[in-house]
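Good morning, and thank you for making time for this presentation. I would ask you to keep the sequence and the structure in view while I speak.

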Amino acid sequence: MHPHQALLNRFYQAFQRRDHAGMAACYHPEATFEDAAFQLKGTEIGLMWRMLCERGGDLRLAYNDVWADEHSGRATWDARYTFSKTRRKVHNHVQAHFTFQDGLIRTHHDEFSFWRWSRQALGPMGWLLGWSGFLQDKVRKTAREGLEQFMARPKQ
């Protein structure tokens, strides 16, 4: 097994345990992360995972199809959780793409159907507007504001 494939397995095993510190340790200090809700750099990535792990009380994660070589990697993962804003159940199917630097994750891009996710998480508004840039921008703005509030709270 390539060391980068082992790194990705370690990352997803930490995710299954909601071990945000273990997840953050897999990233290069100059890493970037992007999905439909977040565009993050450096330490923001670990803070996002901390926020999601701490808030995701019923989060269940499964992953498979992990592959990596010297330059890039990929994985498929499924998360099942209750979306905190609406208390609606979500099953998100994600394709993850990675690049590596110095034995750590340098770029991480998660792709999933925003419309499928929004129908589950947001209900009727997601059904009607989940395909639109308007709703995607609103979700991204709300996610960023939530992360900033999380980062600003006193350390425990």
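I begin with two aromatic residues, Phe 33 and Trp 49, both of which are buried. Please bear in mind throughout that this is a predicted model. The rings of Phe 33 and Trp 49 form an edge-to-face pair, with 5.6 Å from centre to centre and 75 degrees between the planes. Because Phe 33 belongs to strand 1 and Trp 49 to helix 3, residues 43-55, this pair ties together parts that are 16 residues apart in sequence.

Let me widen the view to the other rings. The structure holds 12 aromatic pairs. Another of them joins Phe 11 and Tyr 27, again edge-to-face, at 5.7 Å centre to centre and with 85 degrees between the planes. This pair also links distant parts of the chain: Phe 11 is in helix 1, residues 3-16, Tyr 27 is in strand 1, and 16 residues separate them. Phe 11 and Tyr 27 are both buried. Ring pairs also build a cluster, whose members are Phe 11, Tyr 12, Phe 15, Tyr 27, Phe 33, Trp 49, Tyr 63, Trp 77 and Phe 98.

I turn next to the nonpolar core. Which residues of the largest nonpolar core touch the most other members? Among its 44 residues, they are Tyr 12, Phe 38, Trp 49, Trp 77, Ile 105 and Trp 117. Several elements give two or more residues to this core: helix 1, strand 1, helix 3, strand 3 (60-68), strand 4 (72-83), strand 5, helix 4 and helix 6 (133-152). Helix 1 gives the most, with six residues.

Tyr 12 deserves a moment of its own. Leaving aside neighbours within four places in sequence, Tyr 12 is in contact with Leu 61, Tyr 63, Ala 75, Trp 77, Ala 96, Phe 98 and His 108. Of these contacts, Tyr 63, Trp 77 and Phe 98 are also named with Tyr 12 in the ring cluster.

Helix 1 also contains Asn 9. Is Asn 9 buried or exposed? Its relative accessibility is 15%, so Asn 9 counts as buried. Beyond residues up to four places away in sequence, Asn 9 touches Met 1, Tyr 63 and Val 66.

We now come to the strands. Strand 1, residues 27-34, pairs with strand 6, residues 104-111, in the parallel sense over four bridges. Within this pairing, Tyr 27 has Ile 105 of strand 6 as its bridge partner. Tyr 27 is the residue that we met as the ring partner of Phe 11, and Ile 105 was named among the core residues that touch the most other members.

Strand 6 has a further pairing, this time with strand 5, residues 88-101; these two run antiparallel and are joined by seven bridges. Strands 5 and 6 form a hairpin with two residues between them, and in the turn Asp 102 has a positive phi of about 55 degrees.

Arg 18, which is not a glycine, has a positive phi of about 60 degrees. Its place is the loop between helix 1 and helix 2, residues 20-24. With a relative accessibility of 31%, Arg 18 counts as partly exposed. Arg 87 has a positive phi near 65 degrees, again in a residue other than glycine. Arg 87 lies in the loop between strand 4 and strand 5, and at 60% relative accessibility it counts as exposed.

My next stop is helix 4, residues 114-122, which contains Ser 118. Ser 118 counts as buried because its relative accessibility is 0%. What does Ser 118 touch, not counting residues up to four places away in sequence? The contacts are Gly 123, Gly 126, Gly 130 and Leu 135. A charge and a ring also meet here: the charged end of Arg 119 sits over the ring of Trp 115, 4.3 Å from its centre.

Finally, I turn to the database record. An unreviewed UniProt entry carries the annotation "domain: SnoaL-like" for residues 9-108. In the model, this span is 26% helix and 51% strand, and its end C-alpha atoms lie 14 Å apart.

Thank you for your attention.

How values were computed
Residues numbered from 1 in each chain as written. Predicted model: local features only at pLDDT ≥ 70, side-chain atom pairs only at ≥ 80, totals over all residues. Heavy atoms only, no water. Pairing = 2+ DSSP bridges. Buried < 20%, exposed > 50% of the residue type's maximum accessible area, 1.4 Å probe, protein only. Contact = heavy atoms within 4.5 Å. Phe/Tyr/Trp six-rings, centres within 6.5 Å; stacked < 30°, edge-to-face > 60°. Lys NZ or Arg CZ within 6 Å of the ring centre and 35° of its normal. UniProt positions renumbered as here; feature names shortened; annotations may be inferred. Core = buried A, V, L, I, M, F, W, Y, C linked by side-chain atoms within 4.5 Å.
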